[in-house]
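Colleague: Please take a close look at one part of this model for me. Keep it brisk, and spell out your cut-offs as you go.

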Amino acid sequence: MTADLFESVGDTRPPREAMAEGAVVLRGFARPFEAELLPALRAILKQSPFRHLVTPGGHRMSVAMTNCGSVGWVSDPTGYRYDAIDPESGQKWPAMPPVLRRLAADAADDAGYKGFAPEACLINRYVPGAKLSLHQDKDELDFAAPIVSVSLGLPAIFLFGGLKRADKPARFRLEHSDVVVWGGPSRLFFHGVAPLADGEHAVMCRQRINLTFRKAR
Ligand code: SIN
Ligand code: FE2
């Protein structure tokens with residue numbers, strides 16, 4: 001039995017779960033893409049490896065990041081921005097592989113957002129203990145497009161709040177191959193990831209990788 005088949009056995013969760021108006025979890029949506037997605041991801045990481053970015057406040061993030069696509073999201077002491085150049089390599093970010101493009105567009109479509117064509121994919125790596133504080137995705141020029149977020153590896157608790165930082169976030173457990181799509185009325189909702197619990201994932205080992213697709217400009 002392959003790890004992939006093993007993963008699918010006993011997944012009795014409902015295939016979709018509404019999170020808020022305009023926001024939904026699509027359970028296991030990335031599974032049919034996995035065989036193509038993982039080698040594509042490995043090739044990206046060879047070219048632009050994970051690194052821990054520094055926030056404008058001078059804090060080094062516990063989540064390691066990289067990007068693929070025509071622009072990538074970066075943070076440094078001067079601020080947050082989308083940049084066509086990987087500051088570490090001085091070269092363009094790796095191109096977005098067709099399988100990632102397809103997965104993002106299909107998930108958006110399934111969630112009711114037709115024609116999603118992201119040019120940026122932020123890739124986040126969480127090891128046990130890593131977390132992402134509540135934030136809004138607001139460095140994009142176009143808030144009409146949704147955000148599509150793919151979870152791989154160890155399960156995480158995704159925090160999904162409201163338009164105000166103080167809104168108490170709901171907690172959603174995201175597992176390997178789950179995809180979250182948020183847009184429309186919830187496009188600017190605060191969200192984050194609770195400190196990752198330790199564990200060992202059959203396919204991804206001791207980590208969680210998240211792919212976040214954005215229409216950046
Ligand atoms: C993000 O908000 O950029 C990432 C969310 C996640 O890792 O699920
Ligand atoms: Fe985000």
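Modeller: A84 counts as partly exposed because its relative accessibility is 32%, and that label covers values between buried (under 20% relative accessible area) and exposed (over 50%), with a 1.4 Å probe and protein chains only. A84 lies in the loop between strand 5 (79–83) and helix 3 (98–110). Helices (H or I, at least four residues) and strands (E, at least two) are DSSP runs, numbered from the N terminus.

Some ground rules. This is a predicted model, so local features need pLDDT of at least 70 and side-chain atom pairs need pLDDT 80 or more, while totals for chains, interfaces and linings use all residues. Residues are numbered from 1 along each chain as its sequence is written, chains are lettered from A and ligands numbered from 1 in the order in which they are written, and side-chain values use heavy atoms, without hydrogens and water.

Now the ligand site. Ligand 1 sits in the largest pocket. A pocket is an open set of points on a 1 Å grid over the protein atoms alone, where a 1.4 Å probe fits, with protein on both sides within 12 Å along at least five of seven lines. To sit there, more than half of a molecule's atoms must lie within 2 Å of the grid points.

The residues around ligand 1 include N124, Y126, L132, S149 and F158; near means a heavy atom within 4 Å. The shell divides into 4 nonpolar, 6 polar and 2 charged residues. Here Ala, Val, Leu, Ile, Met, Phe, Trp, Tyr, Cys and Pro are nonpolar, Asp, Glu, Lys and Arg charged, and the others, Gly among them, polar. Strand 13 (208–214) is one of the strands that supply at least two shell residues. Strand 13 gives the most, 4 residues.

Which side chains reach oxygen atoms of ligand 1? R208 comes to 2.8 Å, H191 to 3.0 Å and H135 to 3.1 Å. The protein buries 98% of the 260 Å² that ligand 1 exposes when taken alone, by the Shrake-Rupley method with a 1.4 Å probe.

D137 makes another with the R214 side chain, at 3.3 Å. D137 is found in the loop between strand 7 and strand 8 (147–153). D137 is buried, at 4% relative accessible area.

Terms used
A polar contact is a pair of N or O atoms within 3.5 Å; within protein, one must be able to donate a hydrogen and the other to accept it, and residues adjacent in sequence count only if both atoms are side-chain atoms. On a 1 Å grid over the protein atoms alone, a cavity is a set of points where a 1.4 Å probe fits but cannot get out, and a pocket is an open set with protein on both sides within 12 Å along at least five of seven lines; lining residues have an atom within 4 Å of a point.
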